Amino acid sequence: MAERRFRRMGLYIVLSVFAVLYLMPVYVVAVTSLKTEASINLAHMWAWPQTFSLSSLGAAWAQLGPNFMNSIYLTVPATIISSLIGAMNGYALSKWRFRGSNTIFFIILLGMFIPYQAVLIPVLRVLEWLRLDGTIPGLILVNVVYGIPITTLIFRNFYVGIPHEMIEAGKIDGAGYWGIFRRIVLPLSASGFVVAGIWQFTQIWNNFLFAVAVTTPPHQPVTVAVVNIAGSQTVQWNVQMASALMASLPTLVVYIFLGKYFVRGLLAGSVKG
Amino acid sequence: MKRAVPGNARPKRIIAATKKRTLSWDNWSAVLVLIPSLLALGIFVYGFIVWTGYVSLTNWNSYIPNFQWAGFRNYLAVFQTFRFQSDIRNIIVFTVLFIFGCLALGLFLAVLIDQKIRWESLFRSIFIFPMAISFVATGVIWSWLLNPQTGVNLILQSLGDTHPPQWFLSTVFVPSLSVGLIQAGIPLALVAVSIAAVWQMSGFAMAIYLGGLRAIPEEMKEAARIDGAGPWRLFWTIIFPQLKSSTITAVIILSAASLKVFGLIYAMTGPGQDFTTDMPTLNMFQTTFQGSQFADGAAIATLLFLIMAAFSIPYLLTVLRKEEEA
């Protein structure tokens, strides 16, 4: 009995040590962001701020505020559109299987794995041709298209869980494809939309490659701004950390409140066998 | 698949036919719904990959497009550069460190969390939260934490380490072997990058393994325990083999992430001194959009795609086939 208690205690100690290690960057970012520029000192990085100051956060916001808003204008519509497309595709692929539907699913899914460098040159050419180059609508288009595979996957796996008898019952009532979707499937889709929405929100907000390739200065989202601030030699560490913190806050807040759904998206995205 | 026996199947067949017709109209709706997505992906994924492949075979190596045929000359040229040879070494080293780090840490944490502990969801959330942050923010934060003059090194110094590592600024190779134009050892700078990447993605491996552990029937563990297997043997002979499909899934997804790694490098180190932390993705981006060597960039991009296709297509096919059987 005593040995068991001892082992349990060891277990909690090890877990807590790892939890502290994982949270260490958060501590450093938070304390550095709350220090004044004058009190930034390489030798005292771990020290608690002597006086709390919002000046670093203010300075960071002055530089990246507009980019933060760009990220919102980008992420909100792109998330909504790609979730809706995913729901329609997932419904078609799970509840109305036809010959070749698995092949179509495969063709769609493969798009999830490609390194986006392999499409980047044509993407920029086509956006130029559409006169969307450098703009947020152009970036929305790109994120929506390349988001189709993952949202389709999330919704397909979600709809597989809706019992087929409910669809059959709808058919007996004389409902067709869209009637069943509207009256039976859509009302059951709330948590599917939460999972897909959170996943896409996080991915699109955090995306860097498309953001840096597609947009030009006034339209750049927050991830590009963070890199620009970090890359400039004149910006102090406290401002850099404050900008990284700000860029991470929206997705972190979503994670803290709806983490369960984020993990579901994470596992859905792994196409497990 | 089953064929109706001719002769007595007549009425049945009529029912089947009418049923099929009503079904097929709705099935057509399903097809129609999928067409826009298929068109979009047909163009933006498959068409664009072919387009990139075509560009890689042309002479378009300046700002002005030039579609004169070049054959495989760009590929040869790329392979002969110091930078690309460094990339090959780096992506191999990074992939091994990153995947091994994520799997080992993820499995370890998953096993601990699976011991029916209190505050389970709190611990789980802590280990997964870095996944919600962008790679770019991770890069900026870890370049501060692993800055040789501060951060982690302050702790190492207080523990008595007088020569703490240079982390991502290191130019040391272990071992130092010259192969071709490059040093073939492990660039220590990449170890620093891998630490940041493992911090970010190990929670994913943990989540996958936790799912795998929970799927193992309790009786199986019980039976082994009754047979007198100790916890260590129980784990390696009974539990770990059951986690094979979790391991495969995690390896495939992490390999894809590793091959795509871009924002982390861009924000944390860039190509690094003598390309010690450069990656094919970064090389492609800079060669194409900063150096205007479009055909060379397209060649690197095509190689990236082919590597990805080589492991993701077989994986997807087996997953889908298994699902169809189920």
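User: In what order do the elements of chain A run from the N terminus on?

Analyst: This is a predicted model. From the N terminus on, chain A reads α-α-α-α-α-α-α-α-α-α-α. That comes to eleven helices and zero strands.

User: What makes chain A more spread out than a compact globule?

Analyst: Its radius of gyration is 23 Å. The globule rule gives 19 Å for 273 residues. The value is well over the rule, so chain A is more spread out than a compact globule. The C-alpha trace spans about 75 × 70 × 30 Å along its principal axes.

User: How many of the residues of chain A count as buried?

Analyst: Of the 273 residues, 51% do. The cut-off for buried is 20 or more other C-beta atoms within 10 Å.

User: At what angle do α8(A) and α11(A) pack?

Analyst: Helix α8 (residues 190-206) and helix α11 (residues 237-268) of chain A pack at about 115°, with their axes 8 Å apart.

User: Why is α8(A) called roughly perpendicular to α11(A)?

Analyst: The label covers 65 to 115 degrees. The angle is about 115°, and that makes α8(A) roughly perpendicular to α11(A). The crossing is left-handed.

User: Which residues meet there?

Analyst: Among them are Val194(A), Trp199(A) and Trp205(A) in α8(A), and Val254(A), Leu258(A) and Phe262(A) in α11(A). By class, the contact has 13 nonpolar, four polar and one charged residues.

User: What does chain B bring to its contact with chain A?

Analyst: Chain B gives 80 residues, and chain A gives 70. Helix α1 (residues 10-55) of chain B gives the most to its side, with 18 residues. That side has 56 nonpolar, 20 polar and four charged residues.

Technical notes:
Residues numbered from 1 in each chain as written. Chains lettered and ligands numbered in written order. Predicted model: local features only at pLDDT ≥ 70, side-chain atom pairs only at ≥ 80, totals over all residues. Axes fitted to C-alpha atoms, helices over the stretch in contact; angles between N-to-C directions. Helix = DSSP H or I, 4+ residues; strand = E, 2+ residues; numbered from the N terminus. Parallel < 35°, antiparallel > 145°, perpendicular 65-115°, else oblique. Left-handed = near helix turned anticlockwise from the far one by under 90°. Contact = placed C-beta atoms within 7 Å. Nonpolar A, V, L, I, M, F, W, Y, C, P; charged D, E, K, R; others polar. Rg over C-alpha atoms; globule rule 2.2 N^0.38 Å. Buried ≥ 20, exposed ≤ 12 C-beta atoms within 10 Å, placed from the backbone.
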